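Take a moment with the sequence and the 3D view below.

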There are 2 protein chains.
Amino acid sequence: MAEKPHRPTVKEVAQRAGVSPMTVSRTLSGGVNVKPDVQQRVMDAVAELGYHRNENARSIRPGHSSGLIGVAITNIANPYYSTFALGVEEEAALTGRRILLGNTSEDPGREAELVGDFLGRRVDGLIVVPASSTSGHLAHSQSQGVPVVLASRRVDGIEADSVVLADDDGAYRGTIALIDAGHTRIGYLGNTLSIFTGERRHAGFIRALEERGIKVEPALIAAGQQTVDQARDATRALLGMKNPPTAIFCANNRNAIGAVKEISQQLHVGIKTATDFPELMSFDDFELAELSPVPISVIDHDPRELGRTAARMLLDRLDGGDEDAAVREIELPVSLRMHVR
Amino acid sequence: MAEKPHRPTVKEVAQRAGVSPMTVSRTLSGGVNVKPDVQQRVMDAVAELGYHRNENARSIRPGHSSGLIGVAITNIANPYYSTFALGVEEEAALTGRRILLGNTSEDPGREAELVGDFLGRRVDGLIVVPASSTSGHLAHSQSQGVPVVLASRRVDGIEADSVVLADDDGAYRGTIALIDAGHTRIGYLGNTLSIFTGERRHAGFIRALEERGIKVEPALIAAGQQTVDQARDATRALLGMKNPPTAIFCANNRNAIGAVKEISQQLHVGIKTATDFPELMSFDDFELAELSPVPISVIDHDPRELGRTAARMLLDRLDGGDEDAAVREIELPVSLRMHVR
DNA sequence: CTGTTAGCGCGTTCAC
DNA sequence: GTGAACGCGCTAACAG
């Protein structure tokens with residue numbers, strides 16, 4: 001039992017084992033050129049003292065890195081991103097690296113702050129779900145040799161590895177499916193077009209309509225909802241139109257859940273039946289989607305895989321040797337699942 | 001633009017500003033005893049070079065700490081814990097600290113590994129949702145002066161601050177509510193009793209039954225499901241009994257969601273109607289609970305607040321000065337919400 | 001096989 | 001107001 005709480009150092013271990021600090025260091029790094037019995041004594045001292053090498057001290061030495069990966073996410077509480085984070089963590093752990101997690105709350109200023117802090121902590125690399133359209137802080141990171149991988153969203157003005165979803169393609173196919181099912185008045189719920197995915201999914205949606213000769217009616221388009229409650233409000237507005245849509249395309253899970261909730265609620269208190277409400281298409285699967293009172297289809301994809309891929313891209317650059325390899329831009333496919341049960 | 005990517009040091013900034021490293025250091029620490037114009041030159045050099053103080057180097061100096069908090073969670077992908085993590089992150093960020101996040105996957109070995117790694121990185125403190133019943137690694141952390149806060153679950157054999165839910169009380173009240181509603185055959189779905197919350201919620205459930213003189217029927221008790229799929233299987237078994245329960249108490253969101261899914265599915269394919277199925281009581285609220293085909297009540301609580309509280313307890317010990325204060329054990333109240341709509 | 005020297009980036013201490 | 005020296009914990013490089 002340690003008298004006064006404190007973290008032992010190599011010196012103390014060395015003293016206790018009756019050797020020099022160097023021998024301790026060597027033993028801990030595999031034990032080359034250290035006699036077995038000496039190694040044993042060292043290991044005993046390590047165990048008795050509960051010694052852990054000070055990684056911060058190690059990391060300041062030339063050549064050594066911190067083994068830290070900075071991860072900046074817009075909202076960890078969103079199940080989609082928390083699963084993404086899990087994927088990153090798992091993959092990073094495989095190389096013994098740890099993740100430094102920061103929540104940006106979609107705030108570009110906070111993101112820049114976080115990145116600055118991460119750089120100060122000498123992270124090996126950065127994985128960012130960008131909240132901003134500016135990229136100064138990211139380019140800055142790169143200029144110091146700290147690679148950046150963008151996930152889910154890209155940012156203009158920066159050449160960085162990125163892994164995003166097939167937003168346009170998914171939205172297009174989902175919309176076409178609705179049209180093929182006979183819908184011509186299709187509502188749209190999504191987040192603001194200034195966000196990368198918002199813009200792309202909206203584009204895919206529009207492309208499908210135009211390709212099939214369906215006039216785009218601005219009143220049917222609601223873009224800008226970030227939360228479930230905002231999505232409910234927007235849904236209520238759509239449902240309240242004189243000539244409401246017969247289907248609604250939801251560009252993300254927040255908006256789909258808002259739509260499901262609102263429809264469910266109106267169904268509960270009102271006189272209408274389920275068939276009076278629009279059917280739904282959701283970009284993003286979500287738990288209990290199958291409970292929707294109206295038919296719902298999802299454009300599905302795997303956030304964990306997104307995280308794993310982002311981490312692997314970063315690790316490739318760190319460990320793969322080819323740090324100067326060309327920028328890679330990966331687009332993960334999505335799959336359309338009609339009428340989820 | 002830096003020629004060869006690299007992280008500038010105080011020396012380079014000093015050289016560029018035409019001063020000594022000390023002056024740079026002083027300027028960055030508030031600028032006492034540095035002439036304003038010199039400070040300006042230093043700040044300019046900092047900006048031009050994109051200099052960030054090396055926190056790892058700073059942290060090895062006596063008196064200084066890493067500003068890192070190690071957070072070990074059993075499953076980040078679980079929305080409950082990811083929201084918890086958000087609470088921790090927010091509170092930590094208020095003191096300029098960052099979180100080092102690790103996923104234990106309910107694996108005690110992994111947890112011990114993570115804690116060891118965190119100690120090596122000289123975290124200021126640890127926030128742990130323990131996966132283990134052993135506590136050697138946690139006691140070890142404390143013995144080195146690194147405080148530990150347990151969240152959601154406690155562990156025997158260790159004196160550490162902890163914040164948990166009123167598991168027993170919540171389960172008791174929820175069960176009483178079911179009994180008051182006329183139920184006498186009440187099923188139980190939960191995770192294994194070897195987990196802290198599993199044990200406590202089960203105890204509250206049993207206590208309510210016994211207090212009301214209802215015989216505990218082992219066949220109605222299913223404890224051990226960790227995933228939604230396992231919960232579905234257990235639900236199916238309960239529903240398939242010759243004399244099935246008229247209500248089911250679900251000890252956590254995974255089990256409640258499994259129950260909802262299974263009932264929903266059977267309702268969809270079968271000939272029975274909703275009233276043929278048991279009503280539900282869920283310890284944990286969850287998104288879209290109100291879509292349950294059978295009446296559902298929830299024992300609600302706030303994971304974000306749990307995270308905030310855990311972080312505050314830790315920060316109090318770190319910054320509050322009273323590091324030797326008595327151990328605090330907080331139990332957060334839960335609220336019963338009947339028939340969620 | 002083992003120990004000594006030196007230095008990573010930074011900031012306290014002490015001179016000037 | 002400013003700078004030089006020293007040492008934090010650790011480990012390559014160089015003795016021995």
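**A walk through the model**

Over residues 8-62 of chain A, the chain is 64% helix and 0% strand. The end C-alpha atoms of that stretch are 23 Å apart. An unreviewed UniProt entry annotates residues 8-62 of chain A as "domain: HTH lacI-type". Keep in mind that this is a predicted model.

Chain A holds twelve helices and twelve strands. Its C-alpha trace spans about 85 × 45 × 30 Å along the principal axes. A compact globule of 341 residues would have a radius of gyration near 20 Å. Chain A has 26 Å instead. Of its 341 residues, 56% count as buried. The chain exposes about 14200 Å², and carbon and sulfur atoms supply 50% of that area. Look at the contacts too. Among those between residues at least 6 apart in sequence, 66% join residues at least 24 apart.

Next, find helix α11 of chain B, residues 253-269. How far apart should its ends be? At 1.5 Å a residue, its 17 residues should span 24 Å. The end C-alpha atoms are 24 Å apart, so the model agrees. This helix is mostly covered, with 13 of its 17 residues buried. B:N252 caps the N-terminal end of α11(B). A side-chain oxygen of B:N252 lies 3.2 Å from the backbone nitrogen of B:R254.

Go back to chain A and pick out A:F118. It sits in helix α6, residues 108-120. Is A:F118 buried or exposed? Its relative accessible area is 0%, so A:F118 is buried. What does A:F118 touch, leaving out residues up to four places away in sequence? Its contacts include A:G70, A:V71, A:A72, A:L100 and A:L101. B:R98, from chain B, is also among them. A:R341 lies well away: 223 residues along the sequence and 44 Å in space, C-alpha to C-alpha.

Finish with B:S59, in helix α4 of chain B, residues 55-59. Why does B:S59 count as buried? Its relative accessibility is 12%, and buried means under 20%. The side chain of B:S59 reaches the backbone oxygen of B:N56 at 3.0 Å.

Key. Residues numbered from 1 in each chain as written. Chains lettered and ligands numbered in written order. Predicted model: local features only at pLDDT ≥ 70, side-chain atom pairs only at ≥ 80, totals over all residues. Heavy atoms only, no water. UniProt positions renumbered as here; feature names shortened; annotations may be inferred. Helix = DSSP H or I, 4+ residues; strand = E, 2+ residues; numbered from the N terminus. Expected span 1.5 Å × (residues − 1). Buried < 20%, exposed > 50% of the residue type's maximum accessible area, 1.4 Å probe, protein only. Polar contact = N/O pair within 3.5 Å; in protein donor to acceptor, adjacent residues only side chain to side chain. Rg over C-alpha atoms; globule rule 2.2 N^0.38 Å. Contact = heavy atoms within 4.5 Å. Areas by Shrake-Rupley, 256 points an atom, 1.4 Å probe, with all protein chains shown as cover.
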